[in-house]
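Please examine the sequence and the model together before reading further.

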Amino acid sequence: QVQLVESGGGLVQAGGSLRLSCAASGIIFSNNPMAWYRQTPGKQRELVATITSGDSTDYADSVKGRFTISRDNAKNTVYLQMNSLKPEDTAVYYCKVTVGSLVFYNYWGQGTQVTVSS
């Protein structure tokens with residue numbers, strides 16, 4: 001059974017930093033691409049950052065230069081380091097893993113709230 005558990009959210013002032021973690025189980029973690037998304041009430045879930053099994057990364061324009069995604073395959077964990085946070089970064093942050101070869105399945109964590117005060 002695939003399970004993702006996020007942690008590290010909280011309340012921070014604008015300009016501050018947070019590091020989110022997402023611990024995975026039930027998969028061969030190193031084989032799978034991971035991603036962080038975020039969602040605010042009334043809006044669609046937005047892709048924030050991705051990392052492949054080969055450690056290639058990509059970011060939404062809104063977070064480039066401020067956020068860094070990384071993974072530790074020994075700990076089955078993906079991270080999102082968030083610096084220079086802005087009030088518009090306030091959202092529930094979710095991690096996602098994509099599993100499969102011919103057919104792909106996405107699994108999501110439960111989310112962690114990030115609130116940035118001005």
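This is a predicted model: local features need pLDDT of at least 70, side-chain atom pairs count only at pLDDT 80 or more; totals for chains, interfaces and linings use all residues.

**From one residue to the whole chain**

Gln113 is found in strand E11. The separation between Gln113 and Asn73 is of another kind: the two are 40 residues apart in sequence, and their C-alpha atoms lie 25 Å apart in space.

Strand E11, which comprises residues 112-117, leads directly to strand E9. Three bridges join E9 to E11, and the two strands run antiparallel. Within this pairing, Tyr93 has Thr112 in E11 as its bridge partner.

One of the bridged pairs is Gly100 with Phe104 in E10. E9 and E10 form a hairpin, with three residues between them.

Why can E9 be described as largely enclosed by the rest of the structure? The strand spans residues 91-100, and seven of its ten residues are buried, so the description follows from that count. The cut-off behind the count is a relative accessible area under 20%. As a general point, the side chains of a regular strand alternate between the two faces of the sheet.

Tyr59 lies in strand E6, residues 57-59. With a relative accessible area of 19%, Tyr59 is buried; the limit for that class is 20%, so the value lies under it. Leaving aside its neighbours within four places in sequence, Tyr59 is in contact with Val48, Ala49, Lys64, Phe67, Thr68 and Ile69. Leu47 is twelve residues from Tyr59 along the chain, and the C-alpha atoms of this pair are separated by 8.0 Å.

Asn76 is found in the loop between strand E7 (67-72) and strand E8 (77-82). Asn76 is not a glycine, yet it has a positive phi of about 55 degrees. Its relative accessibility is 26%, so Asn76 counts as partly exposed. Ser84 is placed in the loop between E8 and E9. This residue, although not a glycine, has a positive phi of about 50 degrees. Ser84 is partly exposed, with a relative accessible area of 42%.

The overall composition can now be considered. Which secondary-structure elements does the protein chain contain? It has zero helices and eleven strands, and from the N terminus on the order is therefore β-β-β-β-β-β-β-β-β-β-β. Of the contacts in the protein chain with a separation of 6 or more, 53% are accounted for by residues 24 or more positions apart.

Dimensions complete the picture. The C-alpha trace of the protein chain spans about 45 × 25 × 25 Å along its principal axes. For 118 residues, a compact globule would have a radius of gyration near 13 Å; the protein chain has 14 Å, which agrees with that expectation. Of its 118 residues, 40% count as buried. The accessible surface of the protein chain comes to about 6,300 Å², and carbon and sulfur atoms contribute 48% of this area. Regarding charge, the protein chain carries 10 positive and 8 negative side chains, and the centres of the two sets lie 2 Å apart.

How values were computed: Residues are numbered from 1 along each chain as its sequence is written. Side-chain values use heavy atoms; hydrogens and water are left out. Buried means under 20% relative accessible area, exposed over 50%, partly exposed in between (1.4 Å probe, protein chains only). Helices (H or I, at least four residues) and strands (E, at least two) are DSSP runs, numbered from the N terminus. Two strands pair if DSSP finds at least two bridges between them. The radius of gyration is taken over C-alpha atoms; the globule rule is 2.2 Å times the number of residues to the power 0.38. Contact means heavy atoms within 4.5 Å. Accessible areas come from the Shrake-Rupley method with a 1.4 Å probe; for residues, only the protein chains shown count as cover. Lys and Arg count as positive and Asp and Glu as negative; His and the chain ends are not counted. The place of a charge is taken as NZ of Lys, CZ of Arg, CG of Asp or CD of Glu.
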